[in-house]
There are 2 protein chains.
Amino acid sequence: MDEFARIRHWTHGRQSADMQRRQGVVLGIGDDAAVVEPPADETEPLQWVLAVDTMVETVHFADATMSEEDVGYKALAANVSDIAAMGGVPRHALVSVSVPPSYGADRMRRLYDGLYACADRYGVAVIGGDTTSSPQHLVIAVTVIGTVAAGRALRRSGAQPGDAVFVTGPVGLSAAGLHWLLARQNDPLAQPPPEAAALVRAHRRPAPSVRAGQLLAARGTCRSLNDVSDGLASEAWEIAEASGVRLVLREALLPRSGSLAAYASRAGVDPLEWMLYGGEDYVLVGTLAADDAEAAKAAFAAEGLPFYVIGETEAGDPGVELVVRSERRGAEERRVPLAKRGYNHFGG
Amino acid sequence: MDEFARIRHWTHGRQSADMQRRQGVVLGIGDDAAVVEPPADETEPLQWVLAVDTMVETVHFADATMSEEDVGYKALAANVSDIAAMGGVPRHALVSVSVPPSYGADRMRRLYDGLYACADRYGVAVIGGDTTSSPQHLVIAVTVIGTVAAGRALRRSGAQPGDAVFVTGPVGLSAAGLHWLLARQNDPLAQPPPEAAALVRAHRRPAPSVRAGQLLAARGTCRSLNDVSDGLASEAWEIAEASGVRLVLREALLPRSGSLAAYASRAGVDPLEWMLYGGEDYVLVGTLAADDAEAAKAAFAAEGLPFYVIGETEAGDPGVELVVRSERRGAEERRVPLAKRGYNHFGG
């Protein structure tokens with residue numbers, strides 16, 4: 001198959017003309033470039049939000065950790081999360097794939113199955129791309145374009161002392177899922193523990209907090225926002241440095257997943273390690289005016305969405321600290337500085 | 001250096017805030033996503049034009065054929081050409097690079113030198129990107145976003161029988177330049193012939209027909225347009241198939257570069273092979289209403305731009321034919337069908 005035939009095989013008939021039109025697509029896959037306009041039902045002025053994210057075989061995934069469908073799904077989900085972290089609505093995607101000889105037409109078709117499953121889940125119109133060959137490793141770079149009401153995009157740099165720090169979901173599950181996948185690779189006869197399915201799913205099929213980002217942009221009280229792609233500590237550091245504040249997280253307030261706790265205990269790992277330094281959770285971490293925290297939590301709950309206040313911000317040199325859980329009642333509060341280090345997929 | 005430090009080293013201070021503001025940039029490099037809006041001086045309704053193009057080390061370039069600066073320049077230029085092929089104005093770029101161990105900080109800095117040289121040449125604001133490691137080969141995927149007056153984007157599919165076929169510059173030079181670069185690699189002591197510099201430059205630093213595309217979009221008589229990335233024959237085939245017409249090209253009308261003719265003669269290659277099946281010329285090929293061809297040529301000439309009518313379109317099964325140059329006066333016109341094959345960088 002030539003390039004056109006391949007692209008057709010992977011993309012043709014996947015999304016309806018109607019769906020694409022609703023997202024403002026004037027011209028989709030098949031010409032030198034795609035053409036889009038603001039969606040017809042939008043009346044207020046919009047700005048466009050754009051991000052690109054890349055996944056490289058052996059760096060971000062391997063056959064043992066992710067199926068082709070998972071790779072396609074997650075490559076788009078990581079970008080959708082970047083749009084969510086600005087408070088935007090994801091609308092369009094362009095897909096660059098560099099295809100090694102080990103990926104035949106069927107494997108690529110499955111990769112696109114996963115990509116389109118994610119696109120349908122978040123209403124993203126796939127409008128174009130580029131396909132090249134690669135000597136050895138699959139590389140997929142996805143660009144996502146979204147919209148946000150003019151002036152409403154949420155940055156990392158707006159946190160103020162006295163803000164409440166929040167996350168929009170539990171953290172550490174993806175890293176624990178990867179830990180299990182690698183353990184199983186080393187011991188193929190290992191029985192999967194009951195909590196493994198939830199952790200593996202978190203690693204392979206992350207669920208970006210798109211609706212949460214939009215709720216936060218609309219409230220007007222959210223002062224900084226980031227998505228957790230490189231671990232909670234690293235993302236908190238980014239907010240601290242961009243905003244010039246200290247973030248004080250409280251161990252006792254961090255949402256603790258039962259699956260994560262069970263697996264960490266079994267694996268003999270401190271779950272806090274995964275919660276702080278694991279990555280690819282794709283929930284949101286941010287700060288908002290402290291006096292709006294309760295109302296925000298209620299507004300999230302009304303839509304069935306989690307919202308956890310996990311600490312507060314202080315004036316001072318940029319940094320991130322953790323108030324560790326006390327073992328004894330009445331013990332003095334103890335703070336430890338959190339390292340800036342991020343996430344490294346395969347521990348290299 | 002961590003990822004942020006690296007990106008800062010490559011991108012910081014390259015473009016002024018004023019330049020970025022003129023292009024509608026609300027938020028550039030450094031957050032989860034970039035934010036843009038239509039440029040302030042635009043009053044008519046705009047649509048957005050988006051394309052992605054990827055270059056892979058060993059597939060599209062090698063150390064022997066391109067410097068780091070050339071790779072950066074050309075990676076952006078190829079995308080600028082896609083925007084030109086829609087009649088759009090290129091405005092913003094997002095850059096995904098997957099960096100192998102062989103590319104240290106200095107080589108990457110030089111790659112960005114070239115990328116920004118191209119960005120400055122075409123007024124493109126670099127607004128974001130993603131950097132990952134690569135086990136072995138450099139992969140660079142650039143997404144460019146441009147604007148076009150609403151409804152004016154030029155597609156491949158609008159050609160009608162009786163249109164004039166045109167190109168906006170000579171073709172085949174890039175392929176000849178690559179031929180010389182590979183010949184020199186095999187014979188490092190070979191003296192460069194005098195025409196080599198122009199051919200090598202065409203290969204390394206293509207000059208997309210951005211202004212030409214805009215002139216064509218504004219005229220209202222241009223019915224189809226494509227950029228020549230995969231060779232004139234292949235791009236003409238795309239227009240033929242998308243529009244449902246036959247394109248009849250005339251050998252005698254094809255612009256023939258003196259450098260190309262001299263080098264082809266020296267190399268013992270039929271220059272027509274490079275002109276029809278060489279690639280990466282990044283000029284535009286298209287069709288327009290035949291009765292506007294002379295006026296279009298004059299309008300191009302008034303801006304110092306070349307415009308060559310090279311044939312015409314006919315009703316019939318989609319295809320591309322070449323009317324070969326006759327050796328004898330009064331000889332009957334002879335047509336040969338042109339194969340659909342495209343361009344393959346290293347003849348593999």
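Four salt bridges are counted between chain B and chain A, a salt bridge being a side-chain nitrogen of Lys or Arg within 4 Å of a carboxyl oxygen of Asp or Glu. One of the salt bridges in this predicted model joins the side chains of Asp32(B) and Arg156(A), at 3.0 Å from N to O. Local features in the predicted model need pLDDT of at least 70 and side-chain atom pairs pLDDT 80 or more, while totals for chains, interfaces and linings use all residues. Residues are numbered from 1 along each chain as its sequence is written, chains are lettered from A in the order in which they are written, and side-chain values use heavy atoms, without hydrogens and water.

The chain B–chain A contact (heavy atoms within 4.5 Å) takes 52 residues from chain B and 51 residues from chain A. Between the two chains, 17 residue pairs are in polar contact, both residues being at pLDDT 80 or more. A polar contact is a pair of N or O atoms within 3.5 Å; within protein, one must be able to donate a hydrogen and the other to accept it, and residues adjacent in sequence count only if both atoms are side-chain atoms.

Strand 3 of chain B supplies nine residues, the largest share of the side of chain B that touches chain A. Helices (H or I, at least four residues) and strands (E, at least two) are DSSP runs, numbered from the N terminus. Strand 3 of chain B also runs antiparallel to strand 2 (residues 34-36) of chain A, joined by three bridges; strands pair if DSSP finds at least two bridges between them. Within this pairing, Val36(A) has Trp48(B) as its bridge partner.

Three salt bridges are counted between the domains, and Asp70(A) and Arg205(A) meet in a salt bridge at 2.8 Å, N to O.

Buried area is the accessible area (1.4 Å probe) that two parts lose on being put together, summed over both.

| Interface | Buried area | Share on carbon and sulfur atoms |
|---|---|---|
| Chain B and chain A | about 4,100 Å² | 57% |
| Domain 1 and domain 2 of chain A | about 1,800 Å² | 57% |
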